[in-house]
Amino acid sequence: MSATGSVGGTARREPHAPEATLGRKADYLHADSTLRSWFLTTDHKRIAILYLTSITGFFVIGAVAAGVVRLALIVPNGAIMTNDTYNKAFTIHGVVMVWFFLIPSIPATFGNFLIPLMIGAKDLAFPKLNLTSWYVFMAGAFFTLVSLVLGGVDTGWTFYAPLSTAFSNTWVLPALIGVTIVGFSSILTGLNFVVTIHTMRAPGMTWFKLPIFVWAHYATSLIFLLATPVITTALILLIMERGFHIGVFDPAYGGDPVLFQHLFWFYSHPAVYIMVLPGMGVISEIVPAFAQKKLFGYRFVAYASIGLASVTFFVWGHHMFVNGQSDLASLVFSALSFAVAVPSAVKVYNWTATIHKGSLRLDTPMLYAMGYIGLFVLGGLTGLYLATLAINQHIHATYFVVAHFHYIMVGGTVLAFLGGLHFWWPKFTGRMYSEPWGRVSAVLIFLGFNVTFFPQFILGYLGMPRRYATYPVEFQLLNVLSSAGATILAAGYIFPMLYLVYSLWFGRKAPANPWNAKGLEWETGSPPPKHNFLSPPEVPRIPYDYPIQAQESQDQHG
Amino acid sequence: MTPNHAALELWPAAVSATASETDLLILAFTVLTLLLTVPVFVAITYFALRYREGSEADRHPSGIRSNLIEISWMLIPFLLTLIFFVWGARLYVASRNAPPDAMVIEAIGRQWMWKFQHPTGQAEINDLHLPIGQPIRLRIISQDVIHALYLPAVRLQVAALPDRYTDLWFKADKIGTYHLYCSEYCGTDHSVMGGEVTFMNPGDYQDWLTHAGAQQSKVAAGRTLYEAYGCAGCHDPGSAVKAPSLAGLYGSPVKLADGRTVTADETWLREKILNPNGDRLAEGYKQVMPSFAGRIPEDELGRLIDFLKSYTAPASGKAAQATP
Amino acid sequence: MSEGLADGVGVARAGHFETVGQQRAAATLGIWAWLITELLLFSALFLVALITRILHPEATVAAAKHLKFWIGATNTVVLICSSLTMSMAIEFSRIGWQRAMVRAMLATAALGGLFLVLKGYEYYADWDEHMMPFLSSRPFALAETPPARLFVNLYYVATILHAAHLFTGIALLLGMTWMAAKAGFLSRHQNWIEVYGLYWHFIDLVWILAFPILYVVNR
């Protein structure tokens, strides 16, 4: 593969694949248009669209709750709403955003749509199971919404016993049932992905030709399968205790409420990687496409995905350094947390190295990817502050934690989600979105995000505890700044919703491969035909077969 | 006694050697973070400009093997951060093992207040007075849900668990008044479950114990009765029975259901507790409170009223908004 | 697997698979992945049981003495027998003996039903002995050792969860038996029997873990 200094011309930007020549009737969106054909579909692409629509709805609910929280915190004395209203707002924000947006966000939408395309398959291994998982998701959503409509829940998304089992007077039970059910949806999705990636790859698509997106989803699916059942058990125990007094955490009878925290975090820490790994996969597709250069260190990133997914099972105790855990356990968990955090944060060096000597085009998806790289490295390294025992004793449960995980979840996952949404939007819908509006929103979100969450790092080490409806007056300035940032962020979120929907009807028709990107999903029409490929796709010799290749490809693939 | 703070401060006060060392650790860690991230920010920006599509840049492969780079940029930051693991762990272990001569203060958390008991028997609610120059160990437990006692000035917090004791020790060396928080979410009034910790010279502390402390103890004892007789179960904000809040009630006018307005003085409070019948009912409430006549001894009734006299709404809470 | 099959026994290929072999591999991997998930679900409960035992050894032993050891033991035997009949059904399906297979499946469902009946009787005996601490109308027999409640509660959660799995299993099995009795079933869906058999063995395995963990080691 040659790499020359003058490939930066525009000539190779011409899409090499044929224009979308399919008749409208042949693509998956227009093959059938009855309501029934959507709600009973087994096509992974349509199910992905069902998921995309539902999680967008949940994102709006969660975002409104976040708006309520930021509104309340403009004043220190809680004059805007009662403590109860505030507590319910942040609980709904957490429950909805974690379980109904972040966890399904990238896997259930992009993963569902793209994994079969990327590996050259006609569908996932179990299409009916895939549809079932969406219905299970919606059933869980129903219970959670019931809890919201009846009056909300105020335990925080972590549902710690005994507050959730014996003391809260709110609608905890439906929320618990909803979250338990949603877990099964995750398990079914993960199971489908694992089996599909193992058994459905096109001839010639070996493991080390898989895009990092697929590797990341494989790792994510392993976490779905191995961690979710544990929280299901923990939640079932909570439901039995709250609903039927068949409990094991009740301290009145010698039960140990911290045991619930162990079970909870055994899932919920790996769940962080459920949210992070797919985002890494998305960025690993976007960056090479917009640099027209092979991903730097492909094998390292692939192994790292699996490695992170494995080590992440052994660090849950770092959420409990100050909860009466033994000092030895804390030391071990702290050390292991360093071992998992550093390799994940330094993945950003791989993306940076990919940009080096590339031929860059700063379209919307790339802007999101660059924002992601910057925010994710900060989020990752501030995680190490929290993993350091002595520092944790100070900033545990303060706004430092809130800032840290929003840098990972919003700066990481949400930016990756939006970047991926713009990157694959032509593939999903067959339409191009408005590029100028896309860039404006990307910049707006990046700025709004930092104004919202950077002050929270400072609030944290100044000692403002999280989940406070009222707070000492000296923290007001930074809180107002944060709330102001949230309004910028909100504006940044509203734009894409408008221009993306607008593009569905009025957008320019998309070519099969608008970004001149590599990967089998670009070898078929936009939108793809019902069975993905009209003729079996040809698997390329190496993954990320871009014009500019790094040195290593000659060493490894010669 | 309110802590004096500027509108914006960028570093919190530290009153113990451990706290100062924690600050040093945070600062050093921040330097490392900048070392590891700023090059990334600079590089992304620089590459984005230098290697823009169409620019005349050298795009020949650099010839450096990627495995070597990969391993070095994974290993070097890891080893650097390990220094901080060791430093943090050492400091943590030191802060976990209290010296045997530490003065022990009992701390009890419940929804939504802290009760502290001094070794000499004085008790106080939500606020804590402590001497400097002496190791102090807080022995902490919760009566209901999980709470956590957080003292930012000494950079320490630990959970208050319902089923076992946890502890926290420090040696303050600066006098002053600082915040004291509950940092584990515990329900409705989580954010007002806290007060102030005041570090005093040992002499002042002894003074406080004999004067203000004794007074505080009486109030605390009244508060205990307020809990014990179940008053809190209905009258505390957030309780299932929406009884009027009693915070700030003493001395204020009360509108009654029959249209009269009375002033809540000692006598009226006493009668109201013993015989809360129709013509003393506050406007807008139903008659659900039982009579305590014959159920509460006179001396305890006195202490309870003493408590109600001193019971004001937490500074930042909203308990006072409800009029009785 | 396919080489051991008789003529006229096999699997109809679904459209999105390239080969029958691929379809079979997917089904096998899929059920194993599901069973690992299920095993972890129960493992977390067993872990809680062991932790309860470590925290409160005397109370746990006192509570475990009230469990009906012989009903549990009989149920273990019943389920092992049902696994045997399920294995026979799988073998019959491979050699194409449809009627024998259907009978073996019915026998499996019947043994599963017997397990539930015995379990129900055990719950009745528990109720009779005041071993249901969550019922306010029946004071707990071991009220003087409060931590005993924890183990008893865990026993209910674990056995109810297992019984729910078994109940679902029997319902699925009966539904499948009804379909499997029709002509041509084995030529199209023989692997359903194989896949389902794994699930049934799994339910059996969970009980074989639960019985010693709940009934035996604490005595």
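Modeller: Keep in mind that this is a predicted model. A place to begin is helix 11 of chain A, whose buried residues are A:Lys347, A:Val348, A:Tyr349, A:Asn350, A:Trp351, A:Thr352, A:Ala353, A:Thr354 and A:Ile355.

Colleague: Why is helix 11 of chain A described as largely enclosed by the rest of the structure?

Modeller: Buried here stands for under 20% relative accessible area. Helix 11 of chain A spans residues 347-355, and it is largely enclosed because the number of its residues that are buried is 9 of the 9.

Colleague: Which residue with a positive phi follows helix 11 of chain A?

Modeller: The phi in question is near 60°. The residue that follows the helix with this value is A:Lys357.

Colleague: Which side chain of chain B meets A:Lys357 in a salt bridge?

Modeller: The rule finds 3 salt bridges across the interface of chain A and chain B. In the one that involves A:Lys357, the N to O distance is 3.7 Å, which lies within the 4 Å that the rule asks for. The partner of A:Lys357 is B:Asp58.

Colleague: How much area is buried between chain A and chain B?

Modeller: The contact involves 102 residues of chain A and 88 residues of chain B. Carbon and sulfur atoms give 64% of the buried area, and the total is about 8200 Å².

Colleague: Which residues of chain A lose the most area to chain B?

Modeller: Together they account for 9% of what the chain A side buries, and they are A:Lys357, A:Gln393 and A:Glu474.

Conventions
Residues are numbered from 1 along each chain as its sequence is written. Chains are lettered from A and ligands numbered from 1 in the order in which they are written. This is a predicted model: local features need pLDDT of at least 70, side-chain atom pairs count only at pLDDT 80 or more; totals for chains, interfaces and linings use all residues. Side-chain values use heavy atoms; hydrogens and water are left out. Contact means heavy atoms within 4.5 Å. Buried area is the accessible area (1.4 Å probe) that two parts lose on being put together, summed over both. Buried means under 20% relative accessible area, exposed over 50%, partly exposed in between (1.4 Å probe, protein chains only). Helices (H or I, at least four residues) and strands (E, at least two) are DSSP runs, numbered from the N terminus.
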